[in-house]
Amino acid sequence: QFPFGRRLPCDIYWHGVSFHDNNIFSGQVNKFPGMTETVRKITLSRAMRTMRDLFPLEYNFYPRSWILPEELPLFVAEVRMMKDSNPSWKPTFIVKPDGGCQGDGIYLIKDPSDIRLTGSIQSRPAVVQEYICKPLLVDKLKFDIRLYVLLKSLEPLEIYIAKDGLSRFCTEPYQEPTLKNLHQVFMHLTNYSLNIHSGNFIHSDSANTGSKRTFSSILCRLSSRGADVKKLWSDIISLVIKTIIALTPELKVYYQSDIPAGKPGPTCFQILGFDILLMKDLKPMLLEVNANPSMRIEHEQELSPGVFENVPSPVDEKVKVAVIRDTLRLMDPQKKKRKDTQCLLYPGVADGKLQLEPVRIQVKYGMKDKQHKHHSLKLSLKLKFYLKLGLCQSSEPGASSEPPDAAPGPEAALPSLCLKQVFPKYARHFSYLRLVDRVAALFIRFLGVKGTTKLGPTGFRTFIRNCKLSNSNFSMAAVDILYIDITRRWNSMAIDHKETGMCLQAFVEAFFCLAQKKYKALPLHKQVLSLIELCECRLAALHGKRLVWGCG
Ligand code: ADP
């Protein structure tokens, strides 16, 4: 902590809430710019819908969702249509306020007319979602899974998943939703922050009993019942990769705006919390992504009325300490330096005494963290301990005199990594899904002014002109109308009105619209792919021409 300002740059900046420091010019920050905004309920639902429009079969792991208030008429109409076509369908829906957390403001409804259309829905938009009525139960209780995912790098994309996670249990036996039990939060919502207030909540030291357990203990149980746990893991990995693929276009727009290419800046990484619900048939469904998952390893216990004490929570500690320790091991700046030094100096370092500098970490708290500062600080001290353990051994006197290649390495004393790389490892199975990424690359290319996230009318016109998309059927006047129509609608729904112009999602809509116009007979993803290829090809030709002119 640097209460009077920071004088020396750090290797790692550990921010509590979000990326919010513009004075970092090197090192690594544990948050991506714009991540909090990108994983908000509404933004996530939109990103998932775009991907579902392109790849309906691949993106069927996110419940069908509508955004309130703007899609209320659509929600009403679609539900009516589905009920008409299938009169035995008796759905339940869950309404979740945007930007909410810990179950705050969530309620269940049986019919669209039950939406509480008070002032709050106007001032606080929400997502209404199909409720998953048949979750997998353990001990007759509903539970969800919190998995930790490390987004190590955005470009190139690198994703790691923690091998263990948490399972958070409801505290009332589950029944399928009826008008009578809809309001019973301890039966339907798995949030720890809610269920802790139920008299039935069980704090347990054991990983496989109580209201919070390790995910591995659930897998063991499922495996003993004969479930195909390998397939379940592979479905979860695929859900995580596909979700991150849906988020990357937006993240790249924020990234270039906060850390413009070619200027000194930090690199970023982030630990995300994925909340996943298993259906009865073991299909994993994504509930939400948390940009700032709680890393608390203690819980409060009431010793006597009004007197609380923090006691360690072994289940949290087992999962979370490993996640943070391994994130630091993977991000370890000295590792890179060691590698470089090894390349440059070996065999000059054959005495094994590489001079390792201490790693400088800055831990920074946001407003939201103040209440947890005490725990976080303890945790951060723990991190430093682990980091030390990971980094300092080989530089201590008496370290191995083997050349660095043969030495056991500073990590030898640590447990094997709990974070498993899944991307680029499985990239070839998923790369075809990264279409919106390429649309975002076109968008960023025409943004013009550095530091902006929205495209002005001139930028849009230049895009159309350079890609030669305008013709006798699609005049430049029609281009302007398309821009104005789509931009106006998106801006009227925007949460932040700071910047005017066309946001990425509006550009994606315009792009899909152009693709549909141009390649009528194809399915949407092929239309979009064809237009991307056409644009990339025409821009490459233009660039080539400019180079030739430049030389001339
Ligand atoms: P919050 O950010 O407020 O925790 P979530 O989206 O995680 O909001 O929802 C809270 C809880 O509600 C989840 O942990 C889960 O138990 C339940 N839940 C959320 N969405 C659904 C759904 N579509 N079907 C069934 N249960 C859900």
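This is a predicted model: local features need pLDDT of at least 70, side-chain atom pairs count only at pLDDT 80 or more; totals for chains, interfaces and linings use all residues.
Before I start, one definition: Ala, Val, Leu, Ile, Met, Phe, Trp, Tyr, Cys and Pro count as nonpolar, Asp, Glu, Lys and Arg count as charged, and the others, Gly among them, count as polar. By that scheme, the shell of residues around the ligand holds nine nonpolar, seven polar and eight charged residues.

First, the chain as a whole. It has 552 residues, and 50% of them are buried. The secondary structure consists of 17 helices and 18 strands. If we take contacts between residues at least 6 apart in sequence, 67% of those contacts join residues at least 24 apart.

Now back to the ligand. Which residues come nearest to the ligand? Out of 24 around it, they are K96, G103, T190, N191 and E288. Several strands contribute to the shell: β4, β6, β8, β13 and β14 each provide at least two of its residues. In numbering, β4 covers 93–97, β6 covers 126–130, β8 covers 141–153, β13 covers 270–278 and β14 covers 284–290.

At Q129, a polar side-chain atom is 3.0 Å from a nitrogen atom of the ligand. At N191, an N or O atom of the side chain is 2.7 Å from a ligand oxygen. At E288, a polar side-chain atom is 2.4 Å from an oxygen atom of the ligand. As for cover, the ligand on its own has 540 Å² of accessible area, and the protein covers 99% of that.

Why does S211 count as buried? Its relative accessible area is 5%, and buried means under 20%, so S211 falls on the buried side. What does its side chain reach? The side chain of S211 comes to 2.9 Å from the backbone nitrogen of I202. I202 is also one of the residues in contact with S211 once neighbours within four places in sequence are set aside.

Last, helix α14, which runs over residues 457–466. Its buried residues are G459, F460, F463, I464 and N466. After α14 comes K468, where phi is positive, near 55 degrees.

That is the end of my part.

Conventions:
Residues are numbered from 1 along each chain as its sequence is written. Side-chain values use heavy atoms; hydrogens and water are left out. Buried means under 20% relative accessible area, exposed over 50%, partly exposed in between (1.4 Å probe, protein chains only). Helices (H or I, at least four residues) and strands (E, at least two) are DSSP runs, numbered from the N terminus. A residue is near a molecule or strand if one of its heavy atoms lies within 4 Å of it. A polar contact is a pair of N or O atoms within 3.5 Å; within protein, one must be able to donate a hydrogen and the other to accept it, and residues adjacent in sequence count only if both atoms are side-chain atoms. Accessible areas come from the Shrake-Rupley method with a 1.4 Å probe; for residues, only the protein chains shown count as cover. Contact means heavy atoms within 4.5 Å.
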